[in-house]
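Visitor: I would like a brisk tour of this model. Please take me through it by question and answer.

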Amino acid sequence: MPADTPPRPWRDALLTACAPVIWGSTYIVTSEFLPPDRPFTAALIRALPAGLLLLLVTWRLPHKQHWGRLAVLSALNIGVFQALLFVAAYRLPGGLAAVLGAIQPLLVMLLAWAVDRQTPRGITVCCAAAGVFGMAMLLLSPQTVFEPIGMAAALLGAASMATGVWLTRRWQIGLPVLSMTGWQLVLGGMMLAPVAWLVDAPLPALTASQWAAYAYLSGAGALVAYVLWFRGVARLPSVAVASLGLLSPLTAVILGWVLLSQSMGGISLLGLLVVLVSVFGVQWTSSR
């Protein structure tokens, strides 16, 4: 950020929040429009075309000493995270996967404390923990199945994304946001390509609605969302960015309620309110 530009943390937080809101809409797009049982193909199509388009528009090579760090960030933020995300999604109920993913802000604070010696404020820790509790109220049910491989994938996926956010903020790659996003999407997509080829079935002949769904996942879900996300990572505290990730499952629940007539009881509505208060609290305390 230029030195003469005043910081606008709440404006930056609102723009960054658009990314997980868009990601939350991909759940309903995937379940309603995409061919079934092709998770890695969907992740590949979402990442690679958007990354190539960004690099075509904003071509800039990183310094040769930064390629290693860029590869690590691409794996953590895109390749490994997307793969683990879909493994968890196919093995766990959405509620349990979302609750386990909600630990991301706590993991970011743990990394900052253990490595950077930055002691988090107690109120920030409490707000982040309240987000996990609110997500459990919103999404868990007595019939939830605790499948060990899916739970491990969800926890490792949360750790991957949390580490990626923390390292992206900590490392200085020296690229503009658009180029940085493009390279991560391309490298992460290249990591997903062999997995999609080995694991997923070939795509059938796509209908017009399926083409539109894939275009939305790549255009909005990757190009727009990741540009806003990495812009926020560069401008906001890491824990504030991580807490905004709670808006993704929250958006999915609201869209399911509005568009698919999925039920929400009193406990769920209370959990929704707790999550929103948690996100607001983390933004307020971390920005101060």
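**Helix packing, confidence and cysteines**

Guide: Helix α2 (residues 39-57) packs with helix α8 (residues 177-199) at an angle of about 150°, their axes 7 Å apart. Axes here are lines fitted to C-alpha atoms, for helices over the stretch in contact, and angles run from 0 to 180 degrees between N-to-C directions. Helices are DSSP runs (H or I, at least four residues), numbered from the N terminus. This is a predicted model: local features need pLDDT of at least 70, side-chain atom pairs count only at pLDDT 80 or more, and totals for chains, interfaces and linings use all residues. Residues are numbered from 1 along each chain as its sequence is written, and side-chain values use heavy atoms, with hydrogens and water left out.

Visitor: Is the crossing of α2 and α8 left-handed or right-handed?

Guide: A crossing is left-handed if the near helix is turned anticlockwise from the far one by less than a right angle, and right-handed if clockwise. The crossing of α2 and α8 is left-handed.

Visitor: How many nonpolar residues has the contact of α2 with α8?

Guide: Ala, Val, Leu, Ile, Met, Phe, Trp, Tyr, Cys and Pro count as nonpolar, Asp, Glu, Lys and Arg as charged, and the others, Gly among them, as polar. By that scheme, the contact of α2 with α8 has no charged residues and six polar ones, and its nonpolar residues number 19.

Visitor: Is Asp37 buried or exposed?

Guide: Asp37 lies in the loop between α1 (9-33) and α2. Asp37 is not a glycine, yet has a positive phi of about 60°. With a relative accessible area of 53%, Asp37 is exposed.

Visitor: How many disulfides does the structure hold?

Guide: A disulfide is a pair of cysteine sulfur atoms within 2.5 Å. The sulfur of Cys127 is 7.0 Å from the closest cysteine sulfur, in Cys126, so the two are too far apart for a bond. Cys126 is exposed at 51% relative accessibility, whereas Cys127 is buried at 15%. The number of disulfides in the structure is zero.

Visitor: Which helix has the lowest mean pLDDT among the elements of the chain?

Guide: pLDDT is the predictor's confidence in each residue, from 0 to 100. The chain has a mean of 85, and 91% of its residues reach 70 or more. Among the elements of the chain, α8 has the highest mean, 94, and the lowest, 68, belongs to helix α4 (residues 94-101).

Visitor: How many contacts does the stretch of residues 1-5 have beyond near neighbours in sequence?

Guide: Over residues 1-5 the pLDDT is below 50. Where pLDDT is low, the predicted coordinates should not be read in detail. In the model, the contacts of residues 1-5 beyond near neighbours in sequence number four.

Methods. Buried < 20%, exposed > 50% of the residue type's maximum accessible area, 1.4 Å probe, protein only. Helix = DSSP H or I, 4+ residues; strand = E, 2+ residues; numbered from the N terminus. Contact = heavy atoms within 4.5 Å.
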